[in-house]
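Below are some questions about how terms are applied to a protein model. Each answer sets a value against a definition.

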Amino acid sequence: MEVIIQSNEETAARTVAEFIARAVKAKPTLVLGLATGCTMEPVYDELVRKRQEEGLDFSLCRSFNLDEYVGLPPDDPSSYHHFMRRRFFDRVNIDLRNTHLPDGMATDLEAECARYEQLIAASGGIDLQLLGIGLNGHLGFNEPPAAVQSRTRVEILSPVTRAQNAPLFPKSKPVPRRAVTMGVGTILAARRCLLLATGSEKAQVVARAIEGPMTPTITASVLQMHPACTVVLDEAAAGDLGNKERYRRGFPAPTALPAIAKSTAANDGNGRRRSQAKPRKPLLTVKS
Ligand code: GLP
């Protein structure tokens, strides 16, 4: 796991956006795993700026979002479909037909979960999965304790999560009790994971996820076993880390970022992880 600490929320978000931009340039047909939440808003703003001012091209990219609430139609302002269109899809040149979120309105939710997994597999698997972290350590909506091998499924949201997300709903409307989420296994099958956390309220859970024992009670701690995971933090979210001097400050990182090209796929497109035995050829070389 690579940990990068930035001085503030803005530079942390810019770092993540730059990371994504380099991946898109290196592989224009990139399959992006996308995340929602307030933490991601400045990331999407920066990607939009890169589109508008630098011509960053998303036209061949495909995307899969982590999750969606059960019972919210795509035009509901509190839905993640709506968030993604408002914050990102409608502001860049991604083809909407290539963007995917689970359908929280599906009558057969189990079939919808299977369909979503198949769609990810048919696209060749996720190249780069963007992640936030919940106050209880969840990834997507994988509420602790979360099974490491879980796949896309319906989750019952915890009181902590519903309280955390309540400000994003009108007062008259309760936060849904259930959501469809990619599973932990789905997330771990991505070739790269990129987690962003900002703000002091995340400091405790971030420290447990990065430096604590790997445990199903902090879902994000499973990222410790991902072979290519980068965590970007601001100083506030890094506040409780015990080993801060070990982590990299600033960006670009001096190391080469591991490849996400097809030829070095860690995932065989059917959700199964391939052997990592072959050394990866760096696709993106970042100078310090
Ligand atoms: C929701 C999403 C998560 C996200 C989390 C954090 O629960 N399902 O994917 O990581 O919110 O949100 P925020 O960035 O608003 O703290």
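**Terms and values**

Q: Why is V148 called partly exposed?
A: V148 has a relative accessible area of 33%. Buried means under 20%, exposed over 50%, and partly exposed in between (1.4 Å probe, protein chains only), so V148 at 33% counts as partly exposed. This is a predicted model in which local features need pLDDT of at least 70 and side-chain atom pairs count only at pLDDT 80 or more, while totals for chains, interfaces and linings use all residues. Residues are numbered from 1 along each chain as its sequence is written, and side-chain values use heavy atoms, with hydrogens and water left out.

Q: What makes the nonpolar surface patch, and where is V148 placed?
A: V148, M214 and M225 make a nonpolar patch of about 250 Å². Patches consist of residues with over 30% relative accessible area and no salt bridge, like charges being joined within 9 Å and nonpolar side chains (Val, Leu, Ile, Met, Phe, Trp, Tyr) within 5 Å. Areas come from the Shrake-Rupley method with a 1.4 Å probe, and for residues only the protein chains shown count as cover. V148 sits in the loop between β6 (128-131) and β7 (153-156). Helices (H or I, at least four residues) and strands (E, at least two) are DSSP runs, numbered from the N terminus.

Q: What makes the contact of D45 with R91 a salt bridge?
A: The closest N and O atoms are 3.0 Å apart. A salt bridge is a side-chain nitrogen of Lys or Arg within 4 Å of a carboxyl oxygen of Asp or Glu, so the pair at 3.0 Å qualifies. D45 lies in helix α2 (residues 41-54) and R91 in the loop between α3 (80-87) and β5 (99-100), so the pair ties together parts 46 residues apart in sequence.

Q: Why are D45 and R91 called partly exposed?
A: D45 has 30% relative accessibility and R91 has 32%, so both count as partly exposed.

Q: How do you know that D127 and R191 are buried?
A: The relative accessible area is 0% for D127 and 4% for R191, so each counts as buried. Their side chains meet in a salt bridge (2.6 Å, N to O). D127 lies in the loop between α4 (109-122) and β6, and R191 in the loop between α6 (184-188) and β9 (192-197), so the pair ties together parts 64 residues apart in sequence.

Q: Why is E46 called buried, but R49 partly exposed?
A: E46 has a relative accessible area of 11%, so E46 is buried; R49, at 26%, counts as partly exposed.
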